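Morning, everyone. Please put the sequence and the structure up on the screen.

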Number of protein chains: 2
Amino acid sequence: MDSSQALGEALYGLVIAAIRGRAREISLTSASTLSTLSRTGPQRLTDLATAEGIAQPSMTTLVTGLERNGLVERRPDAGDRRVVLVALTEAGRDYLRRRRQTGADWFAALIDQLSEEDTTALAAALPALDHLRELDGPQRAMTSISEENR
Amino acid sequence: MDSSQALGEALYGLVIAAIRGRAREISLTSASTLSTLSRTGPQRLTDLATAEGIAQPSMTTLVTGLERNGLVERRPDAGDRRVVLVALTEAGRDYLRRRRQTGADWFAALIDQLSEEDTTALAAALPALDHLRELDGPQRAMTSISEENR
DNA sequence: CGAAATTACATAGGCAACCTATATAGTTTG
DNA sequence: CAAACTATATAGGTTGCCTATGTAATTTCG
């Protein structure tokens, strides 16, 4: 099936364009981590690192940064004092909310410019896109695309 | 339309998963640059930088790296001796070919696992995805997703 | 025509986000 | 209870981008 090639180019190009065009406040991985915490609740630092596909020391640094910005907090784990549980703060939840709104707005603005035919086709492909993603690694956390890396 | 939010998450998650899962030989931007050169032929370094959305000094470094790997070459521009024309070498063309094949294979392997319904929906959405990308910045170059950054 | 402004690229230095290797504190196990 | 293991932190390196600035070639215009 050669549409896989075209599909790859289309998806990649779209996301790169989206990411490049926007200013960044925090890294993609940081945003994804916040989103994961929002979905799952407090998590061990090491589990977070695995979920996000980065090494544990990198997650230590990332969490330290988010903590400095007040978006997450470290908590002790009663029962195993080696463990650090990373939890969203209220400010972190607020941040996620604002960020998602911005991302949705950005995408909506693009989608509004599509023909109705295109919009319908995209909506119809949504489950397929989700399935594709699930087929890859374990589920990666996700946030809408806004205020991202380049 | 709230599907824009879901769509954003789906697209972003898919591509990040795809990129993260694969070893990288060259950066996303380097790959994209090769692809651009393949489509357009030799280009000025500054024009390339603009097309790829990076600063000119960054493109200088990037081209130097590609040149060291033998994938592109610098040529003088008869008529304006300030200009450096960046051109794909034969090795660069070979590299792109191999890379695209790998990327297509990778995507095809995923797509083959989808239901026929999903596959059909994806294929139908291809034009819409292309249009979305075009709506963003100027056209970004593209390569299939393989051997990428993280 | 020739000095000043402009243009194209390169160089220098910095930062962010990852990495591997290793240290430290706490827990489990034979 | 010492040895092995586990969870996190620290140290130091690499890559890919950035801004500021330098140099050489070209264009503009008094």
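Some ground rules. This is a predicted model, where local features need pLDDT of at least 70, side-chain atom pairs count only at pLDDT 80 or more, and totals for chains, interfaces and linings use all residues. Residues are numbered from 1 along each chain as its sequence is written, and chains are lettered from A and ligands numbered from 1 in the order in which they are written.

DNA strand C comes up here. Around DNA strand C there are 22 residues. Near, here, means that the C-beta atom, placed from the backbone, lies within 6 Å of the molecule or strand. The nearest are A:Ser27, A:Ser58, B:Thr46, B:Pro57 and B:Thr60. Three helices each supply at least two residues of this surface: α4 (56-68) of chain A, plus α3 (45-52) and α4 (56-68) of chain B. A word on names: helices (H or I, at least four residues) and strands (E, at least two) are DSSP runs, numbered from the N terminus. Which helix gives the most to the surface near DNA strand C? That is α4(A), with four residues. By class, the surface has nine nonpolar, seven polar and six charged residues. Nonpolar covers Ala, Val, Leu, Ile, Met, Phe, Trp, Tyr, Cys and Pro; charged covers Asp, Glu, Lys and Arg; the others, Gly among them, are polar.

Now DNA strand D. DNA strand D is surrounded by 21 residues. A:Thr46, A:Pro57, B:Ser27, B:Ala55 and B:Ser58 are the closest. Here α3 (45-52) and α4 of chain A, with α4 of chain B, each supply at least two residues. The most comes from α4(B), with four residues. The classes are eight nonpolar, seven polar and six charged.

On to a helix. In chain B, α5 (residues 90-111) has 22 residues. From first C-alpha to last, α5 reaches 31 Å, close to the 32 Å expected at 1.5 Å a residue; that expected span is 1.5 Å times one less than the number of residues. Which residues of α5(B) are buried? They are B:Gly92, B:Tyr95, B:Arg99, B:Gly103, B:Ala104, B:Trp106, B:Phe107, B:Leu110 and B:Ile111. They cover an arc of only 160 degrees around the axis, so they sit on the same side of α5(B). The arc is taken from the directions from the helix axis to the C-beta atoms. On the other side, B:Glu90, B:Asp94, B:Arg97, B:Arg98 and B:Ala109 are exposed. The cut-offs: buried is 20 or more other C-beta atoms within 10 Å of the residue's own, exposed is 12 or fewer, partly exposed is in between, with C-beta atoms placed from the backbone.

One single residue next. B:Thr40 is in helix α2 (residues 28-40) of chain B. Why does B:Thr40 count as exposed? Because B:Thr40 has 12 C-beta neighbours inside 10 Å.

Last, the sheets. In chain B, three strands form an open antiparallel sheet, ordered β1-β3-β2. β1 (43-44) and β2 (72-76) of chain B stand at the edges with a single partner strand each, so one side of each has no neighbour in the sheet. Strands pair if DSSP finds at least two bridges between them. β1(B) pairs with β3 (residues 84-88) over two bridges. There, B:Gln43 stands opposite B:Val86.

Chain A has an open sheet of three strands too, in the order β1-β3-β2. Five bridges join β2(A) to β3 (residues 84-88) of chain A. A:Arg75 has A:Leu85 as its bridge partner.
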